[in-house]
Amino acid sequence: MNDLLDLLASLGNAALHMLTQPFYYIAVLFLFLYYRRQTLQERRLIHVKLHAAGSEVWRALWSGLVVGLAVSAAAIALGVSVSTPGVLCIWAVSLLLLLIRVRYFCFAYTIGLLGVLQYILSWLPDFRPAGFWGETIMAVRGLDIPALLVLAGILHLAEALLARWQGRGLATPLFLDGKRGRVVGGYRLEAFWPLPLFLLIPAGGHAAALPWHSLLGGGLGIVSLPVVIGFSEWTTSMLPGRKSARVSGRLLLYAAVLTGLALLADWWSPLTLPAALAALLLHEGLVWYGALEERRGSPFFVHPDAGLMVMAVLPGSPAHELGILPGEVLLKVNGQALTGQAQQLHEALRRSPAFCKLEVQNAAGESKYLQRAIYDGDHHLLGVILAPQPDEDTTVPEKPAGLIGIAGLKTGARRKRQGAEELPPRMHSAARMLEPVQAPPPEPELPAAGERQGPAPGAGSPESAKG
């Protein structure tokens, strides 16, 4: 009973320590900058925002807190341990990897790299420099790499569940340069969650034994370790829901393989290096295979010969209330057939400003008929975001933004036509459709026979110039 009370007291101290160390706040700042940039990119490409930076950061924080507590409970039960110098080493390597590439900001990459470094140091037992570097090397030597790889496997299990649970809502639409110079629509599925973890301290020394038999050891006492998990994928060949389900399944497989290898390495230490290398190479393999799969696939978000492809739907818009879904095709609007030109949707809606009738083809190829009154204040174009036109002039690269781009809030959007005038904030085909079409001025009435002809009253006055 006293041991459990000591464990709870150590947990409270670790929670206070979590609030005083800078690492968790660095993760929160990174999240805010990332989602703020995402909002700016959406405004740049589709002229509206689908995600709000504040709500996205809040979603990441509360879901990360829930998942972090669950992962901490599993790690404590298994006996995963890390020392305070080990926490500093983990974060130092994580920040270094973040500077190289954002997607390397991953616990599996960090522990895999530290595992390789620990193996190299094992061949240099007499290499013990003094000062800071000596303390750093001692911290790396003291890391329980198999236990931390088990933790990496558990974190990827949590990441897979979050990708399946929240992945569809995290997707942001993109306009990408496709094959043969044709612009195609796509989605980037990229998300990060900060997790406050609480782990045991290494057994031995001043650490008492745990009150239960743990698989991986660990002493009585808890330290805090904030980590960031996340994934980065893009797709032009499938809907976001299907892509997130596929990503989730692959992350589950990766988590199972990594956890199995880590447990074997804990049982037989020579397997530690293969397990650390697997953490790096298998993760890179997932990224490489996902990109290869997309390049082999056919673009999905392009307009067919008959109809207009819906790429996204604004929440709370008339299209959302009607049940229009991304990936569906608008065939007819107010009786007018659509033939792949975005301007036709605006023209068809103007034919009946107070009411609209739609024929929509769903993903199964079946037609459904929808109708709805149009009220003042309803969103332009019913709130649908259409796939880009083949000659769209503003696109973004497939490669995700780096740390400098995120910190500088650079959207990455680029104009295809060099030397074109910069339009504030941008003027593409979808934005043009949002502009009201001005009716031509009425023709002047012809004077009756015998009536004196002359300038109309007020001609040339300031009032006439306004109209």
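Is Asn-334 buried or exposed? I opened my notebook with that one, and the answer is buried, at a relative accessible area of 17%. The cut-off for buried is under 20%, so Asn-334 qualifies. A reminder to myself before going on: this is a predicted model.

**Entry: Asn-334 and its backbone**

I looked up where Asn-334 sits and found it in the loop between strand E5 (329–333) and strand E6 (336–337). Its phi is near 55°, a positive value in a residue other than glycine.

**Entry: Leu-409**

Next I turned to Leu-409, which has a positive phi of about 55° although it is not a glycine. I traced Leu-409 to the loop between helix H12 (403–407) and strand E11 (414–415). With a relative accessible area of 30%, Leu-409 is partly exposed.

**Entry: helix H2**

How far apart are the end C-alpha atoms of helix H2? I checked the length of this helix, which covers residues 23–46. At 1.5 Å a residue, its 24 residues should span 34 Å. The end C-alpha atoms are 35 Å apart, which agrees. I also looked at what follows: just after H2, His-47 takes a positive phi of about 70°.

**Entry: aromatic pairs**

How many aromatic pairs does a search of the whole structure find? I noted 14 of them. One of these is formed by Phe-30 and Phe-105, edge-to-face, with 5.8 Å centre to centre and 80° between the planes. This pair links distant parts of the chain: Phe-30 belongs to helix H2, while Phe-105 is in the loop between helix H4 (84–100) and H5, 75 residues apart. I looked up the accessibility of both partners. Phe-30 counts as buried at 7% relative accessibility, and Phe-105 counts as buried at 6%.

I then picked out Tyr-34 and Phe-192, an aromatic pair that is also edge-to-face, with 5.5 Å centre to centre and 85° between the planes. Tyr-34 lies in helix H2 and Phe-192 in strand E2 (residues 183–201), so the pair ties together parts that are 158 residues apart in sequence. Tyr-34 counts as buried at 4% relative accessibility, and Phe-192 is buried with a relative accessible area of 3%.

Which residues form one aromatic cluster? I wrote down Phe-23, Phe-30, Tyr-34, Tyr-35, Trp-91, Phe-105 and Phe-192. Both pairs above have their residues in this list.

**Entry: a patch on the surface**

Tyr-119, Ile-120, Trp-123, Leu-124 and Phe-127 form a nonpolar patch on the surface, and together they have about 540 Å² of accessible area. I followed up on Tyr-119, whose place is in helix H5 (residues 107–122). Tyr-119 is partly exposed, with a relative accessible area of 37%.

In which sense do strand E7 and strand E8 pair? I found that E7 (residues 355–361) and E8 (residues 367–373) pair in the antiparallel sense, over seven bridges. Across the pairing, Glu-359 stands opposite Tyr-369 in E8. The two strands form a hairpin with five residues between them. I looked into the turn too, where Gly-365 has a positive phi of about 85°.

Notes:
Residues are numbered from 1 along each chain as its sequence is written. This is a predicted model: local features need pLDDT of at least 70, side-chain atom pairs count only at pLDDT 80 or more; totals for chains, interfaces and linings use all residues. Side-chain values use heavy atoms; hydrogens and water are left out. Helices (H or I, at least four residues) and strands (E, at least two) are DSSP runs, numbered from the N terminus. Buried means under 20% relative accessible area, exposed over 50%, partly exposed in between (1.4 Å probe, protein chains only). The expected span of a helix is 1.5 Å times one less than its number of residues. Patches are made of residues with over 30% relative accessible area and no salt bridge: like charges are joined within 9 Å, nonpolar side chains (Val, Leu, Ile, Met, Phe, Trp, Tyr) within 5 Å. Accessible areas come from the Shrake-Rupley method with a 1.4 Å probe; for residues, only the protein chains shown count as cover. A salt bridge is a side-chain nitrogen of Lys or Arg within 4 Å of a carboxyl oxygen of Asp or Glu. Rings of Phe, Tyr and Trp (its six-membered ring) pair if their centres lie within 6.5 Å; planes under 30 degrees apart count as stacked, over 60 as edge-to-face and the rest as tilted. Two strands pair if DSSP finds at least two bridges between them.
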